[in-house]
Amino acid sequence: MTKRKDGVAGIDDGALKKRITIEKSDGRPWSELPMDLLGDISRKLNLVDHLAFGGVCRSWRMSALASERDVIASQPPLVVLPSISADNVLSLYNIFEENTYQIELPTFASKDCCGLSSGYLVFQDRKGQDELWLINPITRHELKFPTPPTNISHATITSPTTPSDSSIVALSKDFVHLLFYRPSDDKWTIYKTPEPKCFYADIIVFKGQVYVLTCNGKIWNLRIQSDASLTLFAVCDNPVRCFTIVRRFFFQYRPNVFLVASDDELMMVNFRVFTRPKIFKVDLETRKGVVTNSLGDKALFIADMSRALRSNPTKWGGLNNCIYALDYYLDPIYVLSLEGKILQSLQDTGSSRCRKCTFYSSYWYFPNKCFHVDFLNEN
């Protein structure tokens with residue numbers, strides 16, 4: 001093996017001249033490959049490779065756009081892990097294929113993740129000095145909102161299809177206040193809890209409406225048009241032990257009740273690891289929660305600030321009608337039955353090695369929630 005002065009190892013002068021001759025031949029340019037062939041290739045790629053594929057040239061971009069919805073919507077939930085050695089690297093871990101995608105982002109040093117929404121990670125400056133920074137790790141698209149008046153949690157944008165025109169809704173870190181900011185506002189609006197001796201627990205956007213859960217099992221509809229209002233929408237049973245006190249770098253409350261939505265169902269879930277969960281489907285006509293003991297062909301993926309129902313996880317090699325629990329204190333990911341029994345214990349994703357990172361926890365990331373955003377723009 002030879003090494004050239006320009007640092008290219010293993011290529012002698014003759015081989016290099018031969019390669020240059022081939023590249024200058026009249027062969028068909030890569031940009032002119034048939035669209036059918038490009039489509040077949042792009043649909044077989046994993047998520048990160050598919051995005052890179054679309055950035056090669058215009059024809060490859062058009063092929064990627066044509067298969068974008070199918071490719072991204074078909075991706076399984078991924079575990080988000082920060083790097084323990086860099087402030088600008090995230091790892092997305094696929095528990096079913098046991099492989100990791102590393103993504104380099106602008107630095108998030110001195111920032112904490114306070115929400116995941118429509119494919120965006122929401123970062124808040126620890127000292128409360130910088131703006132809220134939202135970034136989609138897949139598309140690299142960024143959004144910014146003014147600094148909130150207090151530390152927040154469970155932040156979510158209200159318009160996934162047009163994030164640049166979206167409002168943002170969040171809970172205060174102590175779960176006492178509900179905050180929102182609209183593009184037309186010059187400051188954040190703050191709501192106290194609607195009932196005495198009650199805390200907020202979760203926020204979700206379902207069918208274009210913002211719903212807020214309080215720890216007494218009540219679901220409220222937040223309207224943030226010109227005349228903002230918070231009105232009672234539905235009632236479920238009063239949850240059992242709705243908060244857990246966890247100790248990380250300091251004591252912190254963590255809700256055990258939260259809202260989950262699929263395309264046509266809104267649910268309230270009361271869940272603690274290794275206990276039998278209680279799941280309520282909200283009847284949208286009677287506006288009452290009805291206990292359900294089956295998720296059918298769906299599985300529920302749960303973490304601190306991210307959760308979702310996904311249909312037919314068997315296509316990734318997973319299980320239906322169960323819960324995938326990603327918990328701060330559990331190195332493995334446990335797959336639990338709806339009776340709270342352990343069905344599987346999946347490989348350690350490295351979450352225990354990340355406890356001193358800018359993230360306090362690992363999270364589920366749902367690629368299917370970001371395919372509405374036009375991430376392959378002309379520029």
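**Burial, to begin with.** I call a residue buried when its relative accessible area is under 20%. C236 has a relative accessible area of 5%, so I list C236 as buried. I also remind myself that this is a predicted model.

**Confidence.** I looked up the pLDDT next. The chain has a mean of 79, and 79% of its residues reach 70 or more. Helix α1 (residues 13-23) has the lowest confidence, with a mean of 48, while β10 has the highest, at 96. I marked two stretches where pLDDT is below 50. Residues 351-360 are one of them, and this stretch still has 38 contacts in the model beyond near neighbours in sequence. Residues 372-379 are another, with 18 contacts counted in that way.

**The largest core.** Which residues of the largest nonpolar core touch the most other members? I found L90, L92, L116, L121, F123, I138 and Y365, out of 22 residues in that core. I then checked where the core comes from. At least two residues each are supplied by α3 (47-53), β1 (78-82), β2 (89-94), β3 (99-104), β4 (111-117), β5 (120-125), β6 (132-135) and β27 (363-365). Another core lies apart from this one and has 18 residues, including A299, W316, I333 and W364. As a background note, nonpolar side chains tend to be buried together in soluble globular proteins.

**Two residues close up.** I picked L92 and listed its contacts, leaving aside neighbours within four places in sequence. L92 is in contact with L78, V79, V80, N99, T100, Y101, I103, I138 and Y365. Then I turned to S91, which is found in strand β2. S91 has a relative accessible area of 10%, so S91 is buried. Not counting residues up to four places away in sequence, S91 touches V79, V80, L81, T100, Y101 and Q102.

**Helix α2.** Which residues of helix α2 (residues 35-43) are buried? My list reads L38, G39 and S42. They sit on the same side of α2, because they cover an arc of only 100° around the axis.

**Aromatic rings.** I counted 9 aromatic pairs. I took a closer look at F301 and Y324. Their ring centres are 4.6 Å apart and their planes are at 10°, so I call the pair stacked; the cut-off for stacking is planes under 30 degrees apart. Y324 is at 0% relative accessibility and so counts as buried. I also wrote down one aromatic cluster, formed by F96, F301, W316, Y324 and W364.

**Positive phi.** I noted two residues other than glycine with a positive phi. F175 has a phi near 65° and lies in the loop between β9 (168-172) and β10 (177-181). K197 has a phi near 55°, and its place is in the loop between β11 (189-192) and β12 (200-206). Burial sets them apart: F175, at 3% relative accessibility, counts as buried, whereas K197, at 88%, counts as exposed.

**Cysteines.** How many disulfides does a search of the whole structure find? I got 0. I checked C113 to see why. The closest cysteine sulfur to that of C113 is in C114, at 6.4 Å, so the two are too far apart for a bond; a disulfide needs sulfur atoms within 2.5 Å. C113 counts as buried, at 5% relative accessibility.

My last stop was C198, in the loop between β11 and β12. C198 counts as buried, at 6% relative accessibility. Not counting residues up to four places away in sequence, C198 touches T193, T214, C215 and N216. The C-alpha atoms of C198 and T214 are separated by 6.8 Å, although these residues are 16 residues apart along the chain.

Terms used:
Residues are numbered from 1 along each chain as its sequence is written. This is a predicted model: local features need pLDDT of at least 70, side-chain atom pairs count only at pLDDT 80 or more; totals for chains, interfaces and linings use all residues. Side-chain values use heavy atoms; hydrogens and water are left out. A nonpolar core is a set of buried Ala, Val, Leu, Ile, Met, Phe, Trp, Tyr and Cys residues joined through side-chain atoms within 4.5 Å. Buried means under 20% relative accessible area, exposed over 50%, partly exposed in between (1.4 Å probe, protein chains only). Helices (H or I, at least four residues) and strands (E, at least two) are DSSP runs, numbered from the N terminus. Contact means heavy atoms within 4.5 Å. The arc is that of the directions from the helix axis to the C-beta atoms. Rings of Phe, Tyr and Trp (its six-membered ring) pair if their centres lie within 6.5 Å; planes under 30 degrees apart count as stacked, over 60 as edge-to-face and the rest as tilted. pLDDT is the predictor's confidence in each residue, from 0 to 100.
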